[in-house]
Amino acid sequence: MTDTTSPFEIDTALLDDPISFMEADHGRIAAVCDRLQALIKDLRHQQSHEEATALVTILTRDLLDHIADEEDLFNLLENSGKADKKLTDIIRVLRAEHAADHGPISAISAELKRFVAGDDMHAPAKFFVNAASFAENQRRHLTWENCTVLPMSRDLLSTEELAGLSTQMKNRRNR
Ligand SMILES: [Fe+2]
Ligand SMILES: [Fe+2]
């Protein structure tokens, strides 16, 4: 079976530079959105089963890790006292969007697992709507983060603070 997960792998050496790793993760999430939208156009194609398996792993493991990484970053910015009102307001909205991600991730993954197992989707029409909406929301969210919180973090955080964040992210992936 073709390993369809590999195109989504990120060089773990990048974890030494946590902001660059988050940017690379955004590239991966954008690629996942592309694949998810291609998948809903062609669910009958056999290749789609392999696609779906890879997507479930990324949605339920890597995307949740990414969200947890960013929550650590937000806490660091706030606890260091370096987040001004503008950045604090941005973080509040991003946190709310992260919290809202869990429902769609769970619902989309559950349907993809049924599809991979050869079972009928519980609610295929809802899956199509959820997947399209999720992809659109993720693209908007990551673009905003790329333009705001990530470059601001590079400017505001010290080498020591970024090293601490790097350690948290490595520990998360060594579980
Ligand atoms: Fe985020
Ligand atoms: Fe992000």
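**Group meeting talk: helices and cores in a predicted model**

Good morning. Leaving aside its neighbours within four places in sequence, Asp72 touches two residues, Leu165 and Gln168; two residues are in contact if their C-beta atoms, placed from the backbone, lie within 7 Å. This is a predicted model, in which local features need pLDDT of at least 70 and side-chain atom pairs count only at pLDDT 80 or more, while totals for chains, interfaces and linings use all residues. Residues are numbered from 1 along each chain as its sequence is written, and chains are lettered from A and ligands numbered from 1 in the order in which they are written.

Let us stay with Asp72. This residue lies in helix 2; helices are DSSP runs of H or I with at least four residues, numbered from the N terminus. In sequence, Asp72 and Gln168 are 96 residues apart, yet their C-alpha atoms are 8.0 Å apart in space. Is Asp72 buried, exposed or partly exposed? Asp72 has 16 other C-beta atoms within 10 Å, so it is partly exposed. The cut-offs are 20 or more such atoms for buried, 12 or fewer for exposed, and partly exposed in between.

Arg61 also belongs to helix 2. Arg61 is exposed because 11 other C-beta atoms lie within 10 Å. Between Arg61 and Met152 there are 91 residues in sequence and 27 Å in space, C-alpha to C-alpha.

I turn now to the interior. A nonpolar core is a set of buried Ala, Val, Leu, Ile, Met, Phe, Trp, Tyr and Cys residues joined through C-beta atoms within 7 Å. The largest one here has 16 residues, and Leu55, Ile108 and Ala131 have the most contacts inside it. At least two residues of this core come from each of helix 1 (18-41), helix 2 (47-79), helix 3 (85-116) and helix 4 (124-147). A second, separate core has 13 residues, including Met22, Leu76, Leu165 and Met169.

Which residues does Ile108 contact, leaving aside its neighbours within four places in sequence? They are Leu59, Phe127, Asn130, Ala131 and Phe134.

Finally, consider helix packing. The axes of helix 3 and helix 4 are 10 Å apart, at an angle of about 145°; axes are lines fitted to C-alpha atoms over the stretch in contact, and angles run from 0 to 180 degrees between N-to-C directions. Among the residues meeting there are Leu94 and Ile108 in helix 3, and Phe127 and His141 in helix 4.

Thank you for your attention.
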